[in-house]
Amino acid sequence: MSARPGVAYLVGAGPGDPGLLTARAIELIGSADVILYDRLIPDQATSMARSDCELVYVGKLPDRHALPQREIEELMVERTKAGKSVVRLKGGDPFVFGRGGEEAESLIEAGLPFEVVPGVTAGIAASAYAGIPVTHRDEASAVAFVTGHEDPTKEGAGRTTSTPLEYAGLASFPGTLVFYMGVGRLGEIAQELIDCGRDPDEPSAVIERGTLPGQRSVVAPLSRIAEEVSAAGIKPPAITVVGHVSKLAERIGWLQNRPLNGLRVVVTRARPQASGLADHLAELGAEPLQLPAIRIEPTLDTDEVATAVQAIDAYSLICLTSPNGANLLFEALAAAGKDARSLAGATVAAIGPGTADALRSHGVIPDVVPEKFVAEELVVALDQVEVEGKRVLVARAAEARDVLPDALTERNAEVDVVALYRTVAEDLDEGTIAAAGDADYVTFTSSSTVKNLLAALPGGSLPGSPRVVSIGPVTSETAREAGLQVDVEASRHDIDGLIEALVADATELRG
Ligand code: SAH
């Protein structure tokens, strides 16, 4: 046990959308020794933890209750005493119906240092994502957060707010009421409020899975909200808003205006590359489903890489055909004690803007980038470069096509083709495949994603009937050869081009 205690952090993870994690939460998650987390914490939050971080799920599971509160507190105190940096990660805000107060008290009792990191609470976030401002100059000058959990009619209930008397107080509250929990008791809550004098016609809303993919909301007068919610089959987690602001949902609701709202889109890129595409799709309203068909395996320890890197200044042209290739070339250079300066004498060509960006991030602005991002176009763009009798390096994936090296050899260049990585099939578990079953779209960003995905799927075919989106003609051809119908092909062969084509297709289909 370490002599000095660690620090405990009571951290709010926000309502579910990983974009609503605070900068401080992200920083602490990334450096924690131990994370104790609840249900409804975004996967992306825990995936930011260090690989040696102890991740303990303390929420409910179908087959067991949540760890009792006392045990959670004991675990938190014990790990902090042992000198660890302990993040207690909670949904929304830790001090809004999160028992964060009790946990802080247990740390004080144990004499341990702690910090509280507020989070975006569901009552505000889910409302905002449904287009409901909880206060409004004309509609509501106050807002109350209320637990819907406690039954005021039961003996001993209402430890906090829910005595019948307080319901009378709530009913006369001059502003918006936001109920957490208790969708199951909605009928009773509404009736109680009406019995205590709240207007039965007052607009109300229930928002299910606020800020998460598949968010739904129901708006109805207070007297009818419970039956409409049950007709819609709304389930927890959901919040209930009682107040005139609820009627603004129709006017201000913005989620449904996003071009890919509600569409489930499969992303087949390798995990590290997938996040950019997935994030962009999510911003447009889609639910990205990661089905990484491939994994990038660097092959930097080969003799051919060592030889090429050693003699890097001997090349008059260096061609990079993917961002991975560009990044790995610099990794290989760094391992040999070299940097961007060793490319100073060469013309540098990138196949497209992604590769060009990767080069720029290492301090090299490529001299040649073709308008269209396929090997054939790079060959055309390289017409302006004198290669006859010159040494050329093509640094790329092991399984890449030979269009570029062949064309350069034909022009009497002395071409070295060096594989910096290979793409291998990623194992996909049944759960991941099943989750992609009812996707609306599947995106392919290379031929290897097509081949490897189909190889990994049972029966070698896509589950369901998603529309197939391809990044360009080479990938489309591979897809067709594999028996797929390509519905959408990007006219610009990069990630932005693919997204553009997908959005155009979705917009057209939706009319
Ligand atoms: N500390 C949390 C609340 C915990 S109580 C916070 O500040 O948000 C759990 C309740 O929060 C749920 O029953 C539900 O009413 C609400 N809630 C949490 N996440 C939600 C979400 N994404 N959408 C709607 N309600 C949510």
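## Basis and overall picture

The model is a predicted one, in which local features need pLDDT of at least 70 and side-chain atom pairs count only at pLDDT 80 or more, whereas totals for chains, interfaces and linings use all residues. Residues are numbered from 1 along each chain as its sequence is written, and side-chain values use heavy atoms, with hydrogens and water left out.

The chain holds 19 helices and 20 strands, where helices (H or I, at least four residues) and strands (E, at least two) are DSSP runs numbered from the N terminus. Along the principal axes, its C-alpha atoms fill a box of roughly 90 × 65 × 45 Å. Of the 511 residues in the chain, 49% are buried; buried means under 20% relative accessible area, exposed over 50%, and partly exposed in between, with a 1.4 Å probe and protein chains only. The accessible surface comes to about 24,000 Å², and 51% of this area belongs to carbon and sulfur atoms; such areas come from the Shrake-Rupley method with a 1.4 Å probe.

When contacts between residues at least 6 apart in sequence are considered, 67% join residues at least 24 apart, contact being defined as heavy atoms within 4.5 Å. There are 44 positive and 73 negative side chains, and the centres of the two sets lie 3 Å apart. In this count Lys and Arg are positive and Asp and Glu negative, while His and the chain ends are not counted; each charge is placed at NZ of Lys, CZ of Arg, CG of Asp or CD of Glu.

Five strands form an open sheet in the order 6-7-10-8-9, with mixed pairing; two strands pair if DSSP finds at least two bridges between them. Strand 6 (143-147) and strand 9 (216-221) stand at the edges with a single partner strand each, so one side of each is left without a neighbour in the sheet. From one strand to the next, the twist averages 20°. Within this sheet, strand 8 (residues 203-208) and strand 10 (residues 238-242) run antiparallel and are joined by five bridges, and Ser 204 has Val 242 in strand 10 as its bridge partner.

Two helices lie across strands of this sheet. Helix 5 (residues 122-129) lies across strand 6, strand 7 (176-180), strand 8 and strand 10, and runs at about 80° to strand 10. Helix 8 (residues 222-231) lies across strand 8, strand 9 and strand 10, and runs at about 145° to strand 9. Axes here are lines fitted to C-alpha atoms, for helices over the stretch in contact, and angles run from 0 to 180 degrees between N-to-C directions.

Gly 123, Ala 125, Ala 126, Ser 127 and Tyr 129 of helix 5 are buried, and what covers the buried residues of this helix includes strand 7, strand 8 and strand 10. Helix 5 is followed by Gly 131, which has a positive phi near 80°.

## Strand 2 and its partners

Strand 2 (34-37) is covered on both faces, with Val 34 and Leu 36 buried on one side and Ile 35 and Tyr 37 buried on the other. Four bridges join strand 2 to strand 3 (residues 54-57) in a parallel arrangement, and Ile 35 stands opposite Leu 55 in strand 3. Strand 2 also runs parallel to strand 4 (residues 85-90), again with four bridges, and here the bridge partner of Val 34 is Val 86.

## Backbone features and a buried asparagine

The peptide bond from Pro 236 to Pro 237 is cis, with omega near -5°, and Pro 237 is found in the loop between helix 8 and strand 10.

Asn 324 is placed in helix 12 (residues 323-335) and counts as buried because its relative accessibility is 15%. Apart from neighbours within four places in sequence, Asn 324 is in contact with Gln 273, Ile 296 and Tyr 421. Val 267 is 57 residues from Asn 324 in sequence, and the two are 18 Å apart in space, C-alpha to C-alpha.
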